[in-house]
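Student: I'd like to learn how to read a protein structure, one feature at a time. Could we go through this one together?

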Amino acid sequence: MHKYDKRSQSIIAMLLLLFLGGVLIVNLFKPSQSFSEAENRSLEQLPPLSLQSLASGKFTSGFEKYISDQFMVRDFWIGVKSDTDRAMGKKESNGVYLGKDGYLIQKFTPPAVGDMEMKVNAIHSLAKAAPGLRTFVMLVPTAASVLADKLPDYAPAGEELAYLDQAGRSLHRDIRFVDVYPALHAQREQSVYYKTDHHWTTRGAFYAYQELSKRMGLTPKKEEDFTIRTVTDEFYGSLYSKSGFRHVEPDSIGLYMPKAGGSCTVAYVEEGRTSDSMYAMDNLGKKDKYTVFFDGNHSLIRITTGLRDGTKLMVVKDSYANSLIPFLTSHFSEIYVVDPRYYEEDLKTLIQEHQIRDVLLLYNANTFFEDPSLNRLAEPAE
């Protein structure tokens, strides 16, 4: 019996060594992938080898990341880990909660000390870009606040709203703070957030647009003014990619198409190209289907509508704005869309050159508190 146990252990050890050796050989000789469709991100590549990189430890660190990213059938192992975690009752992975009713919900990260003050100062500086400029600020609560009832029982809730309220109260009186939490919370059963993605749905953006219109003195369109077209029901979003949680149902994406029609020209300024549609329908065949809205994020977009009243709006934004902006095209003749993460010119100069009279800063809570590019708005033009 003892000899049999030792023989079995030797066979198991040999099989394990063979397996590990086979994995090592496959990993060394398989072509490196540059992008993971499942995780929706670029993968680490083999770092350059030099005496300096070896001595500093930079090569070793980069090589570890490279091996992790390029590990054979990586997506399979991510799924195995996710299934194991779920079987053990784990409800959080990589900053994403596995919520109730199939919701994946991003964890809120509080801002660093002093960071909120810097953001508020930046907004105040932007508001002074031109005399008579009307400035509106919409900081959108994420699903962690609006759908707090979907969070796991142990997950903290409410902290995000406190920070948003503090930011709103810190703004000067002449800056209009647009609080969309009540409207989104009232409609929380109407799928206002995706289940696998961190964005709000087009329906959620529509409810926010109605609140914004009231604050801007506009007459908002009603839902019956649109034909809602489902363009995909196979959307696995950013939180699906980030968390590794699998076996969840995909989302659908709906577009609100005005029944009255209307034309517009979308100019991607830096890229030097134009389109007659705000929707990049070809992107529905890609992993990140949310980029159907304006082909994703760009430094500067200029939208020219059929209106001829000279009204101009600038939207300073993150990707949450991409699904809301189409609703605004029936109210302005020109809309300038700026993403400070990619736009390196001076915003105040842009406002003055194009005689813009309305500015909307639209961010979701997480991006607003985390994005350092917003702080550049406070810098004076050179």
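Student: Let's start with one residue. Where does Gly285 lie?

Tutor: Before we look, keep in mind that this is a predicted model. Gly285 lies in the loop that runs between strand 11 (273-275) and strand 12 (300-305).

Student: Is Gly285 buried or exposed?

Tutor: Gly285 counts as exposed because its relative accessibility is 71%, and the cut-off for exposed is over 50%.

Student: Next, salt bridges. What's the general idea?

Tutor: Side chains of opposite charge can pair when their charged atoms come close. In this model, a search of the whole structure finds 12 salt bridges.

Student: Which residue forms a salt bridge with Asp358?

Tutor: That's Arg134, and the closest N and O atoms of the two are 2.7 Å apart. This pair links distant parts of the chain, with Asp358 in strand 15 (residues 358-364) and Arg134 in strand 6 (residues 134-140), 224 residues apart. Asp358 counts as buried, at 9% relative accessibility, whereas Arg134 is partly exposed at 27%.

Student: What parts does the salt bridge between Arg203 and Glu223 tie together?

Tutor: Their side chains meet at 3.5 Å, N to O. Arg203 belongs to helix 9 (residues 202-216) and Glu223 to the loop between helix 9 and strand 8 (226-235), so the pair ties together parts 20 residues apart in sequence. Arg203 is partly exposed at 26% relative accessibility, and Glu223 is partly exposed with a relative accessible area of 26%.

Student: How far apart in helix 9 are Glu211 and Lys214?

Tutor: Glu211 and Lys214 sit three residues apart in helix 9, which means about one helical turn separates them. They form a salt bridge too, with 3.4 Å between the closest N and O atoms. Glu211 counts as partly exposed at 25% relative accessibility, while Lys214 counts as exposed at 55%. Salt bridges can also share partners: Lys317, Asp339 and Arg341 are joined into one network that way.

Student: Now a helix. Which residues in helix 7 are buried?

Tutor: Helix 7 (residues 159-170) has 12 residues and reaches 17 Å from first C-alpha to last, close to the 16 Å expected at 1.5 Å a residue. Glu160, Leu164, Ala167 and Gly168 are buried in helix 7. These residues cover an arc of only 100 degrees around the axis, so they are on the same side of helix 7.

Student: What do the buried residues of helix 7 pack against?

Tutor: Their partners are helix 5 (115-127), strand 6, helix 6 (143-146), strand 7 (175-177) and helix 13 (365-370).

Student: Last topic: cavities. How many residues line the largest cavity?

Tutor: For a cavity, ask about its volume, then its lining. The structure holds one cavity of 30 Å³ or more, and about 80 Å³ of space lies in the largest cavity. Its lining has 14 residues, with Ile105, Gln106, Ala143, His198 and Leu239 nearest the centre. Strand 5 (104-106) and helix 6 are the elements that give two or more residues to that lining.

Student: Which element gives the largest share of the lining?

Tutor: Strand 5 does, with three residues.

Terms used: Residues numbered from 1 in each chain as written. Predicted model: local features only at pLDDT ≥ 70, side-chain atom pairs only at ≥ 80, totals over all residues. Heavy atoms only, no water. Salt bridge = Lys/Arg side-chain N within 4 Å of Asp/Glu carboxyl O. Helix = DSSP H or I, 4+ residues; strand = E, 2+ residues; numbered from the N terminus. Buried < 20%, exposed > 50% of the residue type's maximum accessible area, 1.4 Å probe, protein only. Expected span 1.5 Å × (residues − 1). Arc of directions from axis to C-beta. Contact = heavy atoms within 4.5 Å. 1 Å grid on protein atoms, 1.4 Å probe; cavity = no way out; pocket = protein on both sides within 12 Å on 5 of 7 lines; lining within 4 Å. Points joined across faces, edges and corners; volume = space filled by probe spheres on them.
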